[in-house]
Amino acid sequence: MDVIVLQLLTGLAGASTLFLVAAGLTVIFGVTRVVNFSHGSLYMLGAFIAWSILTRLPREPEFFILGILATAIATAATGALLEVALLRRIYRAPELLQLLATFGVVLVVQDAALFLWGPVDLSLSRPRWLRGAIEVMGLRFPLYDAALIAIGPSVLGLLLLLFHRTRWGLLVRAATQDRDMAAALGVDQRMLFTSVFALGAGLAGLGGALALPQGSANLNMDLAVIADAFVVVVVGGMGSLGGAFLAALLIGVLNAFGIVLVPKITLVLVFLVMAVVLVLRPHGLLGRPQAMARAEVEALSPIRPAPPALQILGAVALALAIAAPFLAGPYLLTVLTEAAVAVLFAAALHVMMGPGGMASFGHAAWFGIGAYAAAFAAKSLAAPMAVGLLLAPLAAGAVALAVGGFVVRMSGVYLAMLTLAFAQIAWAVAFQWVDVTGGDNGVLGVWPDPWAANPWTLYWLALVLCIGGALLLRRALFAPFGFALRASRDSALRAEAIGLDTTSLRLAAFVLAGAAAGLSGAVFAYAKGSVFPTYMAIPHSVDALVMVLLGGVQTMAGPVVGAVSYTLLHSWLLTSDLWRLKLGLLIVVLVLAFPAGIAGAAASAWARVRR
Amino acid sequence: MPIFRRTLLAAGTTTLAATLAAPAILRAQSTSAPIRIGEVNSYTAIPAFTLPYRLGWQLAVEQVNAAGGVLGRKLEVISHDDAGKPQDAVRLASALLDESRVDLLAGGFLSNVGLALSDVARQRKRLFVASEPLTDALVWEQGHRYCYRLRPSTYMQVSMLVDDAVKLGAKRWVTVSPNYEYGQSLVKWFKLLMQQRQPGIEFVAEQWPALGRIDAGATAAALAQARPDAIFNGTFGPDLTNFVRQGNTRGLFEKRGVVSVLTGEPEYLEPLGDETPEGWIVTGWPIETVTDPTNRAFIDAYTKRFNEAPKMGSVVGHATITAIAAGIAKSGSVETEAMADGFKGARFPTPFGPAIWRHQDNQGTLGTFVGRTTVKNGRGQMVDWRYVDGADAMPSDDEVRRLRPA
């Protein structure tokens, strides 16, 4: 009994920590609809700034509290700056572009923090009073954790007061419900958004600062918390503070008891919870269906076949790609092989995201399943490469079919997060099922058959499979299937009224995207010679998103342009110093310059010239 | 700096021999161009270890070159960041081999990155000297003639600690280790070796926090619940700091023996500060109290050059270069097949003293220090330490032959 009480208290303390991280994210999303990927960076900055402040202050409790508050104000100011300088300029841009911009910020902050605070983990020497413990049924429980249990609900209470008892809070709630109506009634949106963003950033900083006495400020904090924060927000229902608190409680307590019973569940517990909750409640615990922003109701202009000039450009690019081995050195050829793989990977995501209207945060899952299928064919079955290349899209497509039933019923960020949950579960299986997958050491020696081992042959094979695959996907989007798919995206009601089965259409697009990504994974496996769980980890899913958004979601050439330019940029920058800073800044600049993506910008420039 | 004088002498004699033996064309070529080492490591993903590591190899390159280089040629290192992803490491390896025309590959921190690079080396028949990855697979199950590994593996780290662990006389053990290959293999070896040495020992609970995301309170409470006599720990870095703080406050470590891998390394001990627990049995490097001239010479040279104290990473980085230099000098050439044979048995100086590339499995015999932790002047330190040579921490040659099919 005593043990259960202690574990419960521990779970509550964990829940408070989680809530503090997630609260800011959910506040920001509720009002601005920005999926703020840099929330983890603000949390990390909070820990570092708190270290810088607290190590200069006396060690009494009152100075500690003062330092923590100063940190929250400093990160709030950082957040306001971020909003004014960057996000304010792209609110009108397509959905999720803000995610790309904040991803650039994440990269920049990583290098900036390394430059400012150095590589060593910075820990705050805890004064005596922070090390104390209280006795709970004869067992010791840290005083600081007990304080955290109180701080979580207090912050929730203060936020609720702020939202329900002040005029500012009233405006925020109005904007959360219907921001266009609020704007029409004369609410200054710019002020409101900036202040909300500052509040959210301040909460992130507060979370980071309060985490400091429990450990250290270190450079891996940002990515360590961001996924958990998103999960809490989504499980709770996006934009719902109370929901986030409930979700944090659920996850914190389940975690405290879960790891006693199944210690290895740590990798995947939060994502299992999210998958179960979303399958049962598609808008989270306390979430409501998102009010449609007006812009989303407007149908996008129909796609047209490429104009002759673009067709010629495409043909020239293809001819160049085919001739590449004669022109490029061996290393560039390796990079181009990867670019070909990336084209199919991004094109597959584009089918879902663009015409399908289903953004995915877990697209790497299908890539990884394809790669593992190829590895399985090569190592366990000792089958020729062709078998692996055939098995991969089948395996990925089959899993996509099984999962898709749950996914396509949902929409927006919830759908994206459910795909992330499945991807993380798949990742954890690959990571943990050591006997079959080799765990994180991966499967080695997945090299191509002798006939394709030559880098030139391998490149051409990749070109045929990946560019061919991407062209087939494009063909499908110009077929009646593609029109029907876009119809169900633009207006599900009207599409159903004319007899389209929207669920099946979305499911078909989902399976198609999964199978195509699976094929790209298999080609990648043979090109690299090895398969690792990192192929289906979150960063790889982010890569896919970046490629599609960089190219332009609502253009047909977008994924191709995005995949090629991102692969070339990334591989070129990776060999230089401060590559994260450069890549991050470049992404930010591209987002500001081309909010509709590179291909989107080219298309509108072309349209202007023609007129 | 006695060690470098020795390298210089060794390199000098070998160069002389090579110069006399080699045909004129080769000689002309060898004096002009530097020997290129292509280095790949997780500089952005694991900066706490790899940035001191980079300074370490930079210092070694300067020293080797100041002493005349190897085979009469300067050393040049072309270094890239793999961002902690094996797929990027593989691509960079081909960039280094095909574009930069390096003579051999080196580096790696994460086990999977090390294995990915090793597989490239096997496929392309080029030499790869793994500096840091600790996985046993690198030299045993997946070992091959083109891959050498410098640091003591997970097996070696554990076997160095087992003597002291047995002396604790504890019957009920619990383990906590990060949930990936490194952590899993530490626990596997610890259980195996302890059960051989101390029959009747029990492992009553285990915790597997996700790397970098430990829920320290819940983990500490779960371990305490099993009422163990002793704890085996494999966590390090930020996870370790969190775990130690929760454990201290909750009294988890009181009256319990703790055996802990890597905790004595300066990069992991430093953040613990005055909360470093007393009396843990750890592997590491007692930088404050080592007195022998070899260690001191390295510490002084490093501190003078970079104005900061070296870390364990610095030692590994430095030894990587001296080990490669000695291997090349003994091979008398940078031709891959010559090096794959020639590295075997090459003796090289390290900041910890002389070491050798083993014939049996291409493992370096660089050792590590075993001691106990304590707090002095508000900082964690290692006391009662001894240096364990890597050669003494290996299983029997028969066992190695069984483990290494290649």
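I started in chain B, where N362(B) sits in the loop between β12 (353-356) and β13 (368-376); helices (H or I, at least four residues) and strands (E, at least two) are DSSP runs, numbered from the N terminus. This is a predicted model, so I kept local features to pLDDT of at least 70 and side-chain atom pairs to pLDDT 80 or more, while totals for chains, interfaces and linings use all residues. Residues are numbered from 1 along each chain as its sequence is written, and chains are lettered from A and ligands numbered from 1 in the order in which they are written.

I looked up phi for N362(B): positive, about 60°, and the residue is not a glycine. Most residues other than glycine have a negative phi. Buried or exposed? N362(B) is buried, with 23 C-beta neighbours inside 10 Å (buried is 20 or more other C-beta atoms within 10 Å, exposed 12 or fewer, partly exposed in between, with C-beta atoms placed from the backbone).

R101(B), also not a glycine, has a positive phi of about 50°. I found R101(B) in the loop between α4 (86-99) and β3 of chain B. R101(B) counts as exposed because 11 other C-beta atoms lie within 10 Å.

Next I traced the sheet around β3. Five strands of chain B make an open, parallel sheet in the order β2-β1-β3-β4-β5 (strands pair if DSSP finds at least two bridges between them). At the edges I have β2 (75-81) and β5 (147-149) of chain B, each pairing on one side only. β1 (35-41) and β3 (104-107) of chain B share four bridges in the parallel sense. I noted G107(B) in β3(B) as the bridge partner of V40(B).
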